[in-house]
Amino acid sequence: MKYLIAGLGNIGSEYVDTRHNIGFMVLDRLAEMLKASPELNRLAYTVTAKYRGRRLVLVMPTTYMNLSGKAVKYYMDQEKIPLERIMIVTDDLNLPFGTMRMRAKGSHGGHNGFKHIDQVLGTNNYARIRMGIGNEYLKGQQVDYVLSPFTDEEFEELPDLIDKACQGILSFASIGIGRTMNDFNKKKKKPKTPQEPKQPDN
């Protein structure tokens with residue numbers, strides 16, 4: 001059984017480690033976990049690896065973000081992978097940094113990568129992981145913000161966030177989107193502040 005996992009971003013050294021490339025970061029880490037190395041192929045860097053009897057086709061489009069659908073559609077057709085076994089991983093301005101959401105489908109929310117994929121596939125009925133990058137920018141500076149590097153503090157948190165996304169992908173390929181979403185989207189409960197013991201009445 002094959003699964004197509006596409007992480008979105010922009011190629012070029014100037015985009016490495018920028019917010020808009022977190023989809024690439026997740027797939028790079030996933031390839032490392034699967035002991036495989038991305039290779040440059042048509043329209044994308046790709047990895048093919050096995051996981052628990054599944055065949056994972058990892059795709060990092062080289063078409064730039066706005067044309068991501070070309071690579072997704074090409075490898076869907078090339079590998080004969082149905083829509084229900086596709087997952088897209090990308091950044092999301094509408095979520096605070098450190099927040100992640102997995103969905104079975106959804107609107108593009110203004111994201112150019114999703115827009116093009118929707119256009120090429122003719123549907124938005126595919127699984128996705130949206131990685132929050134926050135929206136701490138001034139009016140008119142959205143492009144500069146998404147193409148800027150993470151802060152030092154954010155870089156310290158990134159490994160754990162990226163590993164969680166990778167585990168979510170592997171779970172999706174193992175047990176499906178429904179059960180995986182239930183676990184992946186759970187919010188961590190904040191530890192209760194211990195209350196001071198009541199003083200006895202005198």
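Asp92 sits in strand S5, residues 86–92. Strands here are DSSP runs of E with at least two residues, helices are runs of H or I with at least four, and both are numbered from the N terminus. This is a predicted model, in which local features need pLDDT of at least 70, side-chain atom pairs count only at pLDDT 80 or more, and totals for chains, interfaces and linings use all residues. Residues are numbered from 1 along each chain as its sequence is written, and side-chain values use heavy atoms, with hydrogens and water left out.

Back to Asp92. Its relative accessibility is 9%, so Asp92 counts as buried. Buried means under 20% relative accessible area, exposed means over 50%, and partly exposed is in between, with a 1.4 Å probe and protein chains only. A polar atom of the Asp92 side chain lies 2.6 Å from the backbone nitrogen of Asn94. For polar contacts, the cut-off is a pair of N or O atoms within 3.5 Å; within protein, one must be able to donate a hydrogen and the other to accept it, and residues adjacent in sequence count only if both atoms are side-chain atoms. If we set aside residues up to four places away in sequence, Asp92 touches Arg130, Met131, Gly132, Ile133 and Gly134. Contact means heavy atoms within 4.5 Å.

Next, the hairpins. Strand S2, residues 39–41, pairs with strand S3, residues 44–51, in the antiparallel sense over three bridges; two strands pair if DSSP finds at least two bridges between them. Glu39 has Thr46 in S3 as its bridge partner. Two residues separate S2 and S3 in this hairpin, and Leu43 in the turn has a positive phi of about 65°. S3 also runs antiparallel to strand S4, residues 54–61, and eight bridges join them. One of the bridge partners is Val57 in S4, which faces Thr48 in that sense. This hairpin too has two residues between its strands, S3 and S4, and Arg52 in the turn has a positive phi of about 50°.

Now the core. Which residues touch the most other members of the largest nonpolar core? They are Ile5, Val26 and Leu58, in a core of 38 residues. Helix H5, residues 152–175, gives the most to this core, with nine residues. A nonpolar core is a set of buried Ala, Val, Leu, Ile, Met, Phe, Trp, Tyr and Cys residues joined through side-chain atoms within 4.5 Å. Leaving aside neighbours within four places in sequence, Val26 contacts Val89, Met131, Ile162, Ala165, Cys166 and Ile169. There is a second, separate core of 18 residues, with Ala71, Val72, Ile117 and Leu121 among them.

Last, the rings. The whole structure has seven aromatic pairs. Rings of Phe, Tyr and Trp (its six-membered ring) pair if their centres lie within 6.5 Å; planes under 30 degrees apart count as stacked, over 60 as edge-to-face and the rest as tilted. Phe97 and Phe150 have ring centres 5.8 Å apart and planes at 55°, so the pair is tilted. Phe97 is in the loop between S5 and strand S6 (100–103), and Phe150 is in the loop between helix H4 (142–146) and H5, 53 residues apart. Phe150 is buried, at 4% relative accessibility. Together with Phe155, Phe97 and Phe150 form one aromatic cluster.
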